[in-house]
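Colleague: Could we go through the ligand site and the cavities together?
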Amino acid sequence: MRSIVQNKVEECLEILRWDRTRWLEFWKSQRKRYGPLIPGYEERLELNDEKIKEILWSIERRTLDRFKWEWLDVSRNKKIECAEALSEREKSLELHREDFSVFLMALLGIEDWVVVDGEKEKVVLIDVFSLWKKGLLRELSIVALEAARSFRMGKDRGSYEGKKVFFEELLRDVEKILEGGKGSLQRLCEYLRERVPYYDWVGFYFVENEELVLGPFVGEPTVHTKIPFGMGICGQAAERKVTFVVQDVSKETNYLSCSPKTKAEIVVPIFKGGEIVGELDIDSHALAPFSEEDRRFLEKVCELVAKVL
Ligand code: SME
């Protein structure tokens, strides 16, 4: 299978081997190296040599050095996360058309992604340097998925403003989906998995006689279709009536494994009239992927779900 995501960041960082006064020259050499990609990027962002020189001049060497070390630290994982985020959603992204690739690059740090013509196919250029400047490198897999989705929607550039804004948009869609009532919970599971790259198994459990009974879900089938209160992460969350975030399931002793691929899990109770009536359970193949924003977002989702139960 062709590899949909290519990492060119280290190649771009060869600029650090050049004296700063010659950075524009390095940039010009990149135009030759990447065929139509760099000219396409310049055209899309309406750049000329003078503007490029100005932008390059505003970047300090030590800033690029810091970026380089942080990138080298995470690059392998990040590339894999991005590739998986896309390939696991191959149907909705229509990857069989083989009409686009994603290149991770370090460009001028002025736009998060830009779509340009490649030799054979379109190329979504993600400027990892731009994300790093905003402190959003950790969220690169969301950006890769957002960029690919926006390409499919016909857009040719875009930016990502972090999980807060991202989840606000998702919440608006969740409200719409739930207009379909209780019957829309399957669709809701699919939607959450589709939009958040590290939500790999998404499902509901409902309380019946001090037991959690599996409801709609998406992801690998599970043997845990009935879970007594107190057992596993789901059972503990039900017993204590609180959200449980486990960033590394290998460190949790009271845990029921659904898949060897699962590395982290979040379980959010659903309350109705002060009583726990169910839970939203999400497993992730990524380690420690959940932040406070995930918790807040999913707790809001559960408040909305409670209204249709
Ligand atoms: N891991 C859960 C069981 C449910 S599966 O993740 C779908 C637990 O420990 O309760």
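This is a predicted model: local features need pLDDT of at least 70, side-chain atom pairs count only at pLDDT 80 or more; totals for chains, interfaces and linings use all residues.

Colleague: Which residues are around the ligand?
Modeller: Trp201, Tyr205, Ile227, Gly232, Ile233, Cys234, Tyr255, Leu256, Cys258, Glu265, Asp281 and Asp283, where being near means having a heavy atom within 4 Å.

Colleague: What polar atoms lie by the ligand's nitrogen and oxygen atoms?
Modeller: A polar backbone atom of Leu256 is 2.6 Å from a ligand nitrogen, and a polar side-chain atom of Glu265 lies 2.8 Å from a ligand nitrogen. For a ligand oxygen, a polar side-chain atom of Asp283 is at 2.9 Å.

Colleague: And how much of the ligand does the protein bury?
Modeller: The protein buries 100% of the 300 Å² that the ligand exposes when taken alone, with areas from the Shrake-Rupley method and a 1.4 Å probe.

Colleague: Which elements give two or more residues to that shell?
Modeller: They are strand E6 (201–208), helix H10 (232–240) and strand E11 (275–284). H10 supplies the largest share, 3 residues. Elements are DSSP runs numbered from the N terminus, with at least four residues (H or I) for helices and at least two (E) for strands.

Colleague: What is the shell like by class?
Modeller: It has 8 nonpolar, 1 polar and 3 charged residues. Here Ala, Val, Leu, Ile, Met, Phe, Trp, Tyr, Cys and Pro count as nonpolar, Asp, Glu, Lys and Arg as charged, and the others, Gly among them, as polar.

Colleague: Changing topic, how many cavities of 30 Å³ or more are there?
Modeller: The structure holds 2. A cavity is a set of points, on a 1 Å grid over the protein atoms alone, where a 1.4 Å probe fits but cannot get out, and lining residues have an atom within 4 Å of a point. A volume is the space filled by probe spheres set on the points.

Colleague: What lines the largest one?
Modeller: That cavity, of about 130 Å³, is lined by 13 residues, with Cys12, Ile15, Trp27, Ala106 and Leu107 nearest its centre. By class, 12 are nonpolar, 1 is polar and none is charged.

Methods: Residues are numbered from 1 along each chain as its sequence is written. Side-chain values use heavy atoms; hydrogens and water are left out. A polar contact is a pair of N or O atoms within 3.5 Å; within protein, one must be able to donate a hydrogen and the other to accept it, and residues adjacent in sequence count only if both atoms are side-chain atoms. On a 1 Å grid over the protein atoms alone, a cavity is a set of points where a 1.4 Å probe fits but cannot get out, and a pocket is an open set with protein on both sides within 12 Å along at least five of seven lines; lining residues have an atom within 4 Å of a point.
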